[in-house]
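Have the sequence and the model side by side as you read.

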Amino acid sequence: MSELFALVTGSSSGIGKEICTHLLKNHYTVFGVSRRGSTIEHENYIDILADIRDELAVEDMYKIVAETTEGLDLIINAAGICVISPLHETPSKEFLDHLQTNVLGPFHVLKHGIEFVIESVTHVINISSIASRVGLPDMGAYCASKFALSGLIGVCSKEWKSMGVRFTNLNPGAIDTPLWDNADSAAPREKMMKIADFINIFNMVINSSSDVEFPDISFLPREGVSPQ
Ligand SMILES: NC(=O)c1ccc[n+]([C@@H]2O[C@H](COP(=O)([O-])OP(=O)(O)OC[C@H]3O[C@@H](n4cnc5c(N)ncnc54)[C@H](OP(=O)(O)O)[C@@H]3O)[C@@H](O)[C@H]2O)c1
């Protein structure tokens with residue numbers, strides 16, 4: 001078991017899974033969180049099944065973390081959903097699910113994660129999106145949820161400032177992950193960024209001096225903001 005501890009939501013797929021793998025290579029003990037569970041097998045990987053929309057499930061998740069450590073160096077909110085549809089075709093239930101997964105989930109993770117803050121060490125990294133900065137057609141529910149996430153993080157970063165917690169919102173454009181598997185097949189996945197592009201930037205952020213703050217980093221595929 002290493003001395004560095006990270007909690008990563010969204011560990012069963014895409015960006016969250018790749019973050020876990022990267023952190024394990026860099027000698028972190030990783031608590032990975034998802035509903036399905038991850039296929040990652042590593043002696044320093046602890047898989048936790050939890051639906052982050054459910055506050056009690058998040059409290060139980062932290063009970064598992066507490067069996068191993070009292071503090072987290074990294075808290076990474078990567079779990080998220082994105083369904084593509086124009087506003088007039090978006091069911092309210094789907095809109096609500098975006099808010100519950102992409103905003104309420106991180107709220108639960110941070111609300112109960114405060115117990116694991118290590119003063120002047122803990123770094124909270126949110127995998128937000130360029131959709132937190134600009135309205136993108138056919139992504140109304142997603143954009144609304146990611147804009148709301150920015151507000152939540154803005155508040156939390158100020159409330160936790162006295163504890164010396166660093167916050168970074170990573171705002172990528174389209175990255176080729178399973179998130180797009182159910183999207184319109186016309187979405188040109190070959191023009192999206194690769195997960196490796198994301199990991200390069202993530203790596204720079206986690207290895208930066210603790211005297212440096214990166215509140216927001218936006219990065220896009222060369223050919224534009226939207227994959228459509
Ligand atoms: N791919 C892109 O183009 C892109 C661009 C910008 C930002 N992002 C953001 O990056 C993050 C990761 O996306 P991705 O592309 O890696 O998508 P992905 O491959 O679909 O992975 C999403 C992850 O979120 C987890 N998740 C979803 N709902 C959850 C819930 N209620 N409780 C716990 N875990 C839940 C999923 O696990 P389970 O289903 O097992 O629960 C899965 O591990 C998201 O926040 C997304 O908004 C992605």
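## Helix H1 and its cover

Strands E1, E2, E3 (45–49), E4 (74–77) and E5 (123–127), together with helix H5, are among the elements that cover the buried residues of H1. Cover here rests on contact, meaning heavy atoms within 4.5 Å. Helices (H or I, at least four residues) and strands (E, at least two) are DSSP runs, numbered from the N terminus. The model is predicted: local features need pLDDT of at least 70, side-chain atom pairs count only at pLDDT 80 or more, and totals for chains, interfaces and linings use all residues. Residues are numbered from 1 along each chain as its sequence is written, and side-chain values use heavy atoms, with hydrogens and water left out.

H1 spans residues 14–25, which is 12 residues. From first C-alpha to last it reaches 17 Å, close to the 16 Å expected at 1.5 Å a residue. The expected span is 1.5 Å times one less than the number of residues. Its buried residues are Gly14, Ile15, Gly16, Ile19, Cys20, His22, Leu23 and Leu24. Buried means under 20% relative accessible area, exposed over 50%, partly exposed in between (1.4 Å probe, protein chains only). Just after H1, histidine 27 has a positive phi of about 70 degrees.

## Strand E4 and its partners

E4 runs parallel to E1, and 3 bridges join them. Strands pair if DSSP finds at least two bridges between them. Leucine 74 in E4 stands opposite alanine 6. Leucine 74 also has a bridge partner in E5, histidine 123. E4 and E5 pair in the parallel sense over 4 bridges.

Leu74 and Ile76 point one way from E4, Ile75 and Asn77 the other, and all are buried. E4, helix H3 (residues 92–113) and E5 form a right-handed β-α-β unit. Right-handed means that, with the strands pointing away from the viewer, the path from the first strand over the helix to the second runs clockwise.

## Aromatic pairs

The whole structure holds 5 aromatic pairs. Phenylalanine 5 and phenylalanine 31 make a stacked one, at 6.4 Å centre to centre and 25 degrees between the planes. Rings of Phe, Tyr and Trp (its six-membered ring) pair if their centres lie within 6.5 Å; planes under 30 degrees apart count as stacked, over 60 as edge-to-face and the rest as tilted. Phenylalanine 5 lies in strand E1 (residues 4–9) and phenylalanine 31 in strand E2 (residues 28–34), so the pair ties together parts 26 residues apart in sequence. Phenylalanine 31 is buried, at 0% relative accessible area.

Phe198, Phe202 and Phe219 form one aromatic cluster.
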